[in-house]
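Take a walk through this protein, one contact at a time. Keep the sequence and the 3D view side by side.

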Amino acid sequence: TPLGMTQSGFGVTSSGALTGPWLHRWDGEALTISADNNTHLAGFNWGARAPVGSACCSAADMGKFMREHLRVDPQVLSTTVRSDMQTNEVSTHSDFVRGAWASSNPGSASAEIWHNGDNGVAYAHMSVRPSQGIGYAAMSNLSSQISSAAVHEMHEVMGQMHANWNTLFGA
């Protein structure tokens with residue numbers, strides 16, 4: 001793959017060996033989490049009704065994807081295409097820019113581009129701040145019903161770590 005994203009995939013989830021996301025469900029009666037075997041069925045082919053063909057990836061691959069949106073020398077996207085993806089709003093009635101990102105203040109020094117998603121059994125949220133050269137993501141293999149508070153707390157902590165890096169860790 002051009003970005004070296006070797007732990008990524010599209011469509012139907014894993015049914016054994018990790019070939020896609022391995023989703024889990026919360027059992028409120030037993031108070032346990034277990035593999036969600038229902039999502040291994042062909043009827044759960046997310047690609048038929050999900051953005052970007054139901055892309056799924058490991059945390060390491062998510063980092064590679066975000067790095068492409070931040071690096072001075074992008075490896076796959078030209079700087080022009082990348083800029084267009086990060087700044088060109090598809091409609092004045094939406095906060096989405098090309099590339100399936102949502103954005104606050106697209107193209108400005110305070111711009112943040114982000115995307116999150118929940119397919120009912122897994123949730124992820126990623127954010128990139130191009131002018132600051134930072135990006136972070138948090139993900140869970142549980143629905144946002146269970147995991148959104150933790151995912152958003154991880155996001156907040158990562159943002160605060162960046163904002164206070166020198167105080168926390170030295171220059």
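Is Arg129 buried, partly exposed or exposed? Arg129 is partly exposed, with a relative accessible area of 23%. Here buried means under 20% relative accessible area, exposed means over 50%, and partly exposed is in between (1.4 Å probe, protein chains only).

A word on the model comes next. It is predicted, so local features need pLDDT of at least 70 and side-chain atom pairs count only at pLDDT 80 or more, while totals for chains, interfaces and linings use all residues. Residues are numbered from 1 along each chain as its sequence is written, and side-chain values use heavy atoms, without hydrogens and water.

Now the charged contacts. A salt bridge is a side-chain nitrogen of Lys or Arg within 4 Å of a carboxyl oxygen of Asp or Glu. The count comes to four salt bridges. In one of them, Glu112 meets Arg129 at 3.8 Å, N to O. Glu112 sits in strand β7 (residues 112-118) and Arg129 in strand β8 (residues 123-129), so the pair ties together parts 17 residues apart in sequence. Helices (H or I, at least four residues) and strands (E, at least two) are DSSP runs, numbered from the N terminus.

Move to helix α1. Asp61 and Lys64 both lie there, three residues apart, about one turn of the helix. Their side chains form a salt bridge at 3.7 Å, N to O. Asp61 is buried at 1% relative accessibility, whereas Lys64 is partly exposed at 25%.

Next, the aromatics. Rings of Phe, Tyr and Trp (its six-membered ring) pair if their centres lie within 6.5 Å; planes under 30 degrees apart count as stacked, over 60 as edge-to-face and the rest as tilted. The structure holds two such pairs. Phe65 and Trp101 have ring centres 6.0 Å apart and planes at 15 degrees, so this pair is stacked. Phe65 is in helix α1 (residues 59-68) and Trp101 in strand β6 (residues 101-104), 36 residues apart. Trp101 is buried at 2%. Phe65 is partly exposed at 28%.

Trp165 and Phe169 form a tilted pair, 4.4 Å centre to centre, with 50 degrees between the planes. They are four residues apart in helix α4, about one helical turn. Trp165 is partly exposed at 43%, and Phe169 is partly exposed at 48%.
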